[in-house]
Amino acid sequence: KIKAQQLELEQLRKQLDALEVQDKERKKYVSSKEIVDLIYKNVGKKVNMSTIKRWADEGYLGEVIDEKEKFWALQSKQGKKRFIYPKVQAFTFLYEKGFLMPEYEVLDRVLITNQEHHQVIGIVIDCRLHKGEFLYSIQKEGKFEIAKDIKESELTLASGEVTKE
């Protein structure tokens with residue numbers, strides 16, 4: 001009985017490892033539903049699934065992947081086939097079409113919340129889309145120092161208070 005339990009434990013560990021690897025890999029992709037929601041959030045336009053399918057068929061969104069087939073270890077939604085697309089190609093296409101906008105604009109006052117900069121406030125100088133992610137250049141407040149390639153996920157709008165390094 002102990003041997004059977006040890007074998008089951010080993011099997012569960014392998015499944016957990018596969019789950020962790022697939023969860024990390026899945027973050028590099030975006031689903032049709034996520035694209036629809038993203039467009040609505042960014043520009044307020046409702047796009048239907050047939051439009052996403054047409055873009056995919058024409059190759060604008062990159063390689064079309066069956067989510068259930070590629071990410072078998074992850075729990076997926078029930079229903080028909082769910083297609084996902086590489087974020088880099090999909091986001092580049094959406095950005096060029098004007099459906100994807102950076103969250104922060106030039107001259108927005110933002111708080112950098114990453115390890116390297118320890119909650120520094122600065123002003124957005126510019127923004128660019130790189131590998132499916134918006135990267136910002138931020139001039140630190142009260143200095144001429146510029147922090148480059150700050151990810152959008154590491155920024156929040158700054159309130160009126162100023163914190164020092």
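**Helix, sheet and rings**

Student: What do the buried residues of α2 pack against?

Tutor: The buried residues of α2 pack against β1 (29-31), α3 (49-57), β3 (83-86) and α5 (87-97). Contact means heavy atoms within 4.5 Å. Helices (H or I, at least four residues) and strands (E, at least two) are DSSP runs, numbered from the N terminus.

Student: Before we go on, what kind of model is it?

Tutor: It's a predicted model: local features need pLDDT of at least 70, side-chain atom pairs count only at pLDDT 80 or more, and totals for chains, interfaces and linings use all residues. Residues are numbered from 1 along each chain as its sequence is written, and side-chain values use heavy atoms, with hydrogens and water left out.

Student: OK, which residues in α2 are buried?

Tutor: S32, I35, V36, L38 and I39. Buried means under 20% relative accessible area, exposed over 50%, partly exposed in between (1.4 Å probe, protein chains only).

Student: And where do they sit around the axis?

Tutor: On the same side of α2, because they cover an arc of only 165°. That arc is taken from the directions from the helix axis to the C-beta atoms. An α-helix has 3.6 residues a turn, so residues three or four places apart point the same way.

Student: What follows α2?

Tutor: G44, with a positive phi near 75°.

Student: Switching to the sheet. What's the strand order?

Tutor: β1-β3-β2, an open sheet of three strands with antiparallel pairing. β1 and β2 (65-66) are the edge strands, each pairing on one side only. Strands pair if DSSP finds at least two bridges between them.

Student: How many bridges join β2 and β3?

Tutor: Two, in the antiparallel sense. I65 stands opposite I84 in β3.

Student: Which strands does α5 touch?

Tutor: α5 packs on the sheet, touching β1 and β3, and its direction makes about 80° with that of β3. Axes are lines fitted to C-alpha atoms, for helices over the stretch in contact, and angles run from 0 to 180 degrees between N-to-C directions.

Student: How many aromatic pairs are there?

Tutor: Five. Rings of Phe, Tyr and Trp (its six-membered ring) pair if their centres lie within 6.5 Å; planes under 30 degrees apart count as stacked, over 60 as edge-to-face and the rest as tilted. W55 and F93 are an edge-to-face pair, 5.1 Å centre to centre with 70° between the planes.

Student: Why does that pair tie together parts apart in sequence?

Tutor: Because W55 lies in helix α3 and F93 in helix α5, parts that are 38 residues apart in sequence.
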